[in-house]
There are 2 protein chains.
Amino acid sequence: MDFDEVVTNIVESAEGALAAVIIQNDGVPLAEYKKPETSVDISSMSVEYTVVISEIKKASEALEAGAMEEITVRSDELVYIVRIINDEFFLAMILGPDGNTGKGRYLVRIAAPKVAEEL
Amino acid sequence: MDFDEVVTNIVESAEGALAAVIIQNDGVPLAEYKKPETSVDISSMSVEYTVVISEIKKASEALEAGAMEEITVRSDELVYIVRIINDEFFLAMILGPDGNTGKGRYLVRIAAPKVAEEL
């Protein structure tokens with residue numbers, strides 16, 4: 001499996017998608033793709049989201065809320081969808097505010113277990 | 001506006017909803033309601049989610065991603081929807097894994113600005 005192809009397909013298959021990235025727990029991207037016209041900084045995003053994911057994992061454990069699967073954060077400018085791949089990796093996708101979030105969630109949900117098999 | 005009524009209405013209007021709470025930034029609930037049959041611990045949840053929200057706000061600022069509006073966290077057992085009310089308060093809702101998340105998101109999106117007006 002070509003991880004670059006996975007992230008490229010995700011971005012090109014959802015209307016309004018800007019970028020997608022497979023990130024390791026240390027904040028380093030394994031594969032990334034962004035549309036040429038977007039100014040999204042994937043490196044900074046990866047580092048920041050690694051911190052957020054780690055906090056949410058801690059919260060979920062404290063609350064005994066079960067294994068975390070997905071996080072969506074909406075701001076007035078962007079939508080972030082993060083799907084947990086396994087203990088070490090997660091898949092993140094960014095869409096514009098009018099992007100097709102439902103399609104985005106579907107794409108990352110389908111892709112995550114396929115990526116997990118190869119890691 | 002009766003804040004207890006707001007959280008009760010949210011829980012009673014979405015299929016599979018378990019609890020809703022208006023939380024201050026220090027983690028203290030202003031109003032809360034949960035279905036009698038749920039074991040969700042609203043106090044612990046409020047404290048844990050206050051930490052998470054603060055981390056996501058920091059991340060959003062670092063990424064210049066615009067004002068954070070909503071966060072959804074899905075685990076295999078629960079769905080948490082958090083809607084920012086203003087700088088000091090947020091509205092959180094918990095649903096079971098088969099709950100109507102779309103309806104839940106709609107309800108908190110509608111309620112948040114009304115609560116904001118009264119605070």
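1. The side chains of A:Arg74 and B:Glu70 form a salt bridge, 3.2 Å from N to O. Between chain B and chain A the count is 2 salt bridges (a side-chain nitrogen of Lys or Arg within 4 Å of a carboxyl oxygen of Asp or Glu).

2. This is a predicted model, in which local features need pLDDT of at least 70 and side-chain atom pairs count only at pLDDT 80 or more, while totals for chains, interfaces and linings use all residues. Residues are numbered from 1 along each chain as its sequence is written, chains are lettered from A in the order in which they are written, and side-chain values use heavy atoms, without hydrogens and water.

3. Strand β3 (residues 68-75) of chain A is joined to β3(B) by 7 bridges, and the two run antiparallel. A:Met68 has B:Ser75 as its bridge partner in β3(B). Strands are DSSP runs of E, at least two residues, and two strands pair if DSSP finds at least two bridges between them.

4. In contact terms (heavy atoms within 4.5 Å), 29 residues of chain B meet 28 residues of chain A. Of the interface residues of chain B, 97% are also interface residues in chain A, so the copies meet through the same surface.

5. About 2,400 Å² is buried between chain B and chain A, 59% of it on carbon and sulfur atoms; buried area is the accessible area (1.4 Å probe) that two parts lose on being put together, summed over both. In chain B, the most area is lost to chain A by B:Leu63, B:Ala65 and B:Arg74, together 24% of what that side buries.

Technical notes. Helices (H or I, at least four residues) and strands (E, at least two) are DSSP runs, numbered from the N terminus.
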